[in-house]
Amino acid sequence: MTAWRTAFRASLPVLFGYLPLGMAFGVLFAGLDLSWWLAVVAGVIVYAGAAQFMAVGLLAAGASLPDVFLSTLLMNARHVVYGLSVLDRYPQSGALKWYLVFGLTDETYSLVTSRSIPDPVNRHAFYGWLTALNQSYWILGCGLGALLGVTFEISVAGLEFTLVALFVVLLIEQWFQIRRIEPLLVAVGISAMALWIAPDQFLILALSAAVVLLGWLVRKEDVWTTPRS
Amino acid sequence: MDNTEVLMVLVTMAVATFMTRAFPFVALAGVADHPLIRRFGRLLPPMVMVVLVIYGISGMPLDQIGSVLAVASGVVATVALHCLFRHVLLSIFVGTGVYMTLIALGG
C-alpha cells in the first residue's frame, strides 16, 4: 500500500473528529461577528484545537497581545512533550521536518506514535500525508463552521464527545503496543493529583508531572518493557 | 475589533504554538537516538493518552447525575466496541451516538 493510502486510512477517524470540532470552533468564532475567512486563517497558521477555542474567549475579552502569547504558550506547552517522543521518528532536517513539527497536534501525535513503520522513506511520506490530511480536515471544519455560523444559529450539543471517544480509542491502541498497566496507573495517579491541585491548569500540570516522573523512571534500562507475546 | 487586530492575535498565537512544537527539535536534536530517549518516547504516549482521556472527560458537562451517566455510558460503549472489533470509526461513532442519545433523552 502506498504511503498516501495508508495515511488516508489512518487519518479517517481524525476527519470525523476534526470536522465537527473545527466546525464548532467556526460557529463560535462567527458568534464574535468576525469575517468567516479569519477562522480559515486560524486553521491554517495556528492549527491548534484547544488554543483556537481559547482564542475565541481571548478575542471576546479583547486580551492584549502579550496575554495572548503567554496563554497560548501555556495552553500548548504539552506539545513540548509530544516533540520529545517523536524526535527519533521524524526526519532530521528539511522542509518536511518543519511542517511535521508545525502540524504536531494531539491527534496527529497519537496516530504517529500508535504505529511503527520500519522503512524511513515510507515513514516520512506517511507522516507528511497524515499531517497534511489532518490539517486539511481541520481547515475545512473551521471554514464550514464559520460559514454556517454566520448563516444560521446552530447547536452541536453532544458532538464534542467525539474527541473523548477518539482519545479513548487511541489509549486502547497504545495499550496494545505496550501491554503494561504500570505507566497507565501512574498517569491516572498524576491526573487525579493535577485535578485536585489545579483543575484550571490540568493539562500542563499533569503532562509536566508525567514527563518528570517518566524521565526519572526510564533511567533504569529494564523499566516497563513489553512482555513478548 | 477589526480584521487587522484579529490577524495580529492569530499571528501571535501561531508563533507561540510553533515555538512549543519546535522546542524539543531545536534543543534536543543531537540526542534523538539515545536509548533513554527511545524508552521515553515509547512509554510517554500511553501516559499522555490517559491524561488526554481524563482531560476530555473533565471538560464534559458533569453537573447532573444524568450527564455523568451519559458520559460513562459513552466511554463504556467506546471501550467495549473497540476491544471487540478494533474498528476506530465504529467505536467513535457508536460511542458518540450513545452519548448524544442519552443527552437528548435526558435534556
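Select chain B to begin: buried residues make up 44% of its 107 residues, a residue being buried if 20 or more other C-beta atoms lie within 10 Å of its own, exposed if 12 or fewer, and partly exposed in between, with C-beta atoms placed from the backbone. The model is predicted, so that local features need pLDDT of at least 70 and side-chain atom pairs count only at pLDDT 80 or more, while totals for chains, interfaces and linings use all residues. Residues are numbered from 1 along each chain as its sequence is written, and chains are lettered from A and ligands numbered from 1 in the order in which they are written.

**Chain B**

Colour chain B by secondary structure. The order of elements from the N terminus is α-α-α-α. Among contacts in chain B between residues at least 6 apart in sequence, 42% join residues at least 24 apart; two residues are in contact if their C-beta atoms, placed from the backbone, lie within 7 Å.

**H3 and H4 of chain B**

Two packed helices are described by the angle between their axes and the distance between the axes. Select H3(B) and H4(B), whose axes come within 8 Å and cross at roughly 160°. Axes here are lines fitted to C-alpha atoms, for helices over the stretch in contact, and angles run from 0 to 180 degrees between N-to-C directions. H3(B) and H4(B) are therefore roughly antiparallel to each other; angles under 35 degrees count as roughly parallel, over 145 as roughly antiparallel, 65 to 115 as roughly perpendicular and the rest as oblique. The crossing of H3(B) and H4(B) is right-handed, the term for a near helix turned clockwise from the far one by less than a right angle, with anticlockwise giving left-handed.

Now display the side chains between H3(B) and H4(B). On the H3(B) side, the contact residues include Gly66(B), Ala70(B), Gly74(B), Ala77(B), Leu81(B) and Phe85(B). Their counterparts in H4(B) include Leu90(B), Val94(B), Val98(B), Leu102(B) and Gly106(B). By class, this contact of H3(B) with H4(B) has 13 nonpolar, 10 polar and no charged residues. In this classification Ala, Val, Leu, Ile, Met, Phe, Trp, Tyr, Cys and Pro count as nonpolar, Asp, Glu, Lys and Arg as charged, and the others, Gly among them, as polar.

**The interface between chains**

Show both chains together. The contact takes 63 residues from chain B and 72 residues from chain A. On the side of chain B that touches chain A, the elements giving two or more residues are H1 (3-27), H2 (35-58), H3 (65-85) and H4 (88-106) of chain B. H2(B) gives the most to this side, with 23 residues. The residues of the side of chain B that touches chain A divide into 45 nonpolar, 13 polar and five charged.

**Chain A**

Select chain A next. Chain A has 11 helices and zero strands. Of its 229 residues, buried ones make up 45%. Among contacts in chain A between residues at least 6 apart in sequence, 78% join residues at least 24 apart.

Move to H6 (residues 95-102) and H8 (residues 120-151) of chain A: their axes come within 10 Å and cross at roughly 45°. H6(A) and H8(A) are therefore oblique to each other, and their crossing is left-handed. Leu96(A), Tyr99(A) and Leu100(A) in H6(A) meet His124(A), Tyr127(A), Gly128(A) and Thr131(A) in H8(A). This contact of H6(A) with H8(A) comprises four nonpolar, three polar and no charged residues.

Centre on Ala210(A), placed in helix H11 (residues 202-217) of chain A. Ala210(A) is buried, with 24 other C-beta atoms within 10 Å. Leaving aside neighbours within four places in sequence, Ala210(A) is in contact with Ala187(A), Ile190(A), Leu44(B), Met47(B), Val48(B) and Val51(B). Val186(A) is 24 residues from Ala210(A) in sequence and 8.2 Å away in space, C-alpha to C-alpha.

Continue to Tyr47(A), in the loop between H2 (36-45) and H3 (49-61) of chain A. Tyr47(A) has a positive phi of about 50° although it is not a glycine. With 25 C-beta neighbours inside 10 Å, Tyr47(A) counts as buried.

End at Trp224(A), in the segment after H11 of chain A. Phi of Trp224(A) is near 45°, a positive value in a residue other than glycine. Trp224(A) counts as partly exposed, with 19 C-beta neighbours inside 10 Å.

Methods
Helices (H or I, at least four residues) and strands (E, at least two) are DSSP runs, numbered from the N terminus.
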